[in-house]
Amino acid sequence: MRFFGQGLSCIRGERIVFAGLGFALSPGEAAVLAGRNGSGKTSLLRLMAALTPAASGTLSWDDGPVADNPERHRRRLHYVGHLDAVKPVLSVRENLLAWVRLRGGGGDAADAGLARFGLSGLAGIPGRYLSAGQRRRLSLARLAATPAELWLLDEPTIALDRDSVAALMAALVSHRAGGGMAVIATNVALGLEDAATIDMTGYAAPAG
Amino acid sequence: MTALVLLIRRELQLALRQAGDSAVVVLFFVLAAILFPFGVGPEPNMLARMAPGVVWVTALLAAMLSFERLFAPDYEDGSLELLALGPAPLALVALAKAAAHWLTTGLPLLIAAPLIALLYGLPKEGYLPLVATMALGAPTVSLIGTVGAALTLGARRGGVLLSLLVLPLVIPVLIFGAAGIEAAIAGFPARPHLMLLGGLLLGALVIGPWASAAALRQALE
């Protein structure tokens with residue numbers, strides 16, 4: 001076990017979204033979050049990213065709890081949320097490069113990320129001219145540009161065409177082959193047969 | 001340190017592409033200052049007497065215009081989440097925002113201020129203290145405004161709320177800023193006022209980024 005959580009619960013605005021949730025990931029493993037809309041998939045991902053604190057429970061790496069060293073935790077993860085964080089006034093490459101630089105990468109890493117998601121030809125286009133799918137690909141290019149052990153992906157395939165989904169799956173395969181882990185919230189079958197499934201409905205608080 | 005430089009660089013790159021935002025603030029400053037003689041009459045002695053206060057008050061009001069968009073675009077497009085998840089601590093992100101705000105708004109206001117003073121016929125002993133008090137006061141205003149912008153993030157009518165929150169907090173800067181210039185005109189040393197402004201800046205530098213980080217964390221939850 002490399003990254004695991006125990007007894008996690010989440011409260012959003014007086015409502016218990018889920019309670020008593022546990023998971024464990026070893027290097028190379030992936031987990032798929034399944035469940036209805038509002039069952040807490042996004043909440044769990046944000047909690048795993050330490051963007052929101054858990055109401056109870058602990059989140060740990062094998063070398064110590066997340067709470068003891070949040071900076072190390074952040075360095076180890078990539079988070080792709082609903083929002084693509086694309087600046088309309090920056091070009092595609094500048095958009096990616098800003099994030100890559102903050103993680104210690106350079107121009108080569110950014111170009112590799114763009115190539116992986118078929119954006120090399122759009123490198124000089126300002127972000128405001130991108131379609132929803134292209135913006136999503138730019139957001140996903142961060143994954144390929146700089147390495148991180150843990151990928152947290154929230155509905156990553158939304159707005160993507162078939163080729164881009166294939167590119168994402170290929171990136172996921174090589175990430176896992178290198179010992180990386182991934183947690184993916186999705187409502188579409190991605191063909192990740194070997195991935196564990198965390199069914200959020202099982203952790204929902206009893207009604208009333 | 002490199003993270004701070006990279007963060008400021010990102011802000012400056014974005015600000016440069018949207019240079020109109022800074023220009024609007026400076027234009028507001030100039031226009032608001034020009035309105036006073038129309039209201040109070042063009043009597044030269046009175047205008048010269050009013051100059052330090054008018055320059056400082058209008059500069060503060062102009063700065064209020066710029067704080068609302070300090071974090072809002074990053075909050076709305078998801079960039080703030082990524083900044084919060086980046087290797088740099090949030091306090092450093094807030095410090096970078098304040099520094100970039102000072103460079104893109106405080107500095108242009110500082111450059112425009114002597115021109116306004118010229119229009120008002122400020123006595124020549126007042127120019128150096130005017131630049132000095134603004135050089136020390138503007139970064140403090142940027143830091144306090146950053147806290148206000150972080151606190152009102154996601155609130156409805158955040159801009160108005162922000163002004164209500166920040167303006168009372170910058171009153172000390174206004175008092176010592178305007179008084180420093182007036183002291184110099186009256187033949188007294190401006191030094192004590194400058195030192196007090198320096199003290200305020202140091203205090204804001206210590207408290208501001210951490211307060212902003214705490215507020216940003218709340219907004220992201």
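Helix axes here are lines fitted to C-alpha atoms over the stretch in contact, and their angles run from 0 to 180 degrees between N-to-C directions. The model is predicted, so local features need pLDDT of at least 70 and side-chain atom pairs count only at pLDDT 80 or more, while totals for chains, interfaces and linings use all residues. Residues are numbered from 1 along each chain as its sequence is written, with chains lettered from A and ligands numbered from 1 in the order in which they are written.

Start with a helix pair in chain A. The axes of helix H3 (residues 92–102) and helix H5 (residues 132–145) of chain A come within 10 Å and cross at roughly 45°. Helices (H or I, at least four residues) and strands (E, at least two) are DSSP runs, numbered from the N terminus. The angle makes H3(A) oblique to H5(A). Angles under 35 degrees count as roughly parallel, over 145 as roughly antiparallel, 65 to 115 as roughly perpendicular, and the rest as oblique. The crossing of H3(A) and H5(A) is right-handed. A crossing is right-handed if the near helix is turned clockwise from the far one by less than a right angle, and left-handed if anticlockwise.

From H3(A), the contact draws on A:Val92, A:Asn95, A:Leu96, A:Trp99 and A:Val100. H5(A) answers with A:Leu138, A:Ala141, A:Arg142 and A:Ala145. Two residues are in contact if their C-beta atoms, placed from the backbone, lie within 7 Å. By class, this contact has seven nonpolar, one polar and one charged residues. Ala, Val, Leu, Ile, Met, Phe, Trp, Tyr, Cys and Pro count as nonpolar; Asp, Glu, Lys and Arg count as charged; the others, Gly among them, count as polar.

Leaving out residues up to four places away in sequence, A:Leu96 touches A:Ala110, A:Gly113, A:Leu114, A:Leu138, A:Ala141, A:Arg142 and A:Ala145. In the largest nonpolar core, which has 125 residues, A:Leu96 and B:Val55 are those with the most contacts. Such a core is a set of buried Ala, Val, Leu, Ile, Met, Phe, Trp, Tyr and Cys residues joined through C-beta atoms within 7 Å. Helix H6 (residues 90–119) of chain B gives the most to this core, with 14 residues.

B:Val55 belongs to H3(B) and takes part in the contact with H7(B). The axes of H3(B) and helix H7 (residues 127–151) of chain B come within 10 Å and cross at roughly 30°. This crossing is right-handed. B:Leu60, B:Ala63 and B:Phe67 also contribute from H3(B), against B:Leu130, B:Val141, B:Gly145, B:Gly148 and B:Ala149 of H7(B). The contact counts seven nonpolar, two polar and no charged residues.

H3(B) also packs with another helix. Helix H3 (residues 44–67) and helix H9 (residues 171–185) of chain B have axes that come within 9 Å and cross at roughly 150°. H3(B) and H9(B) are therefore roughly antiparallel to each other. Here too H3(B) makes a right-handed crossing. B:Pro52, B:Gly53, B:Trp56, B:Val57 and B:Leu60 of H3(B) meet B:Leu174, B:Gly177, B:Ala178, B:Ile181 and B:Glu182 of H9(B). These residues divide into seven nonpolar, two polar and one charged.

B:Gly53 is partly exposed, with 17 other C-beta atoms within 10 Å. A residue is buried if 20 or more other C-beta atoms lie within 10 Å of its own, exposed if 12 or fewer, and partly exposed in between, with C-beta atoms placed from the backbone. B:Lys124 sits in the loop between H6 and H7 of chain B. B:Lys124 is exposed, with 8 other C-beta atoms within 10 Å.

Now the backbone of chain A. Most residues other than glycine have a negative phi. A:Glu14 has a positive phi, near 75°. A:Glu14 lies in the loop between strand E1 (3–12) and strand E2 (15–25) of chain A, and is exposed, with 5 other C-beta atoms within 10 Å. A:Ala85 also has a positive phi, near 55°. A:Ala85 lies in the loop between strand E6 (77–80) and H3 of chain A, but is buried, with 22 other C-beta atoms within 10 Å.

Last, the interface. The contact takes 19 residues from chain B and 20 residues from chain A. On the chain B side, helix H1 (2–17) and helix H5 (79–85) each supply at least two residues. That side divides into ten nonpolar, four polar and five charged residues.
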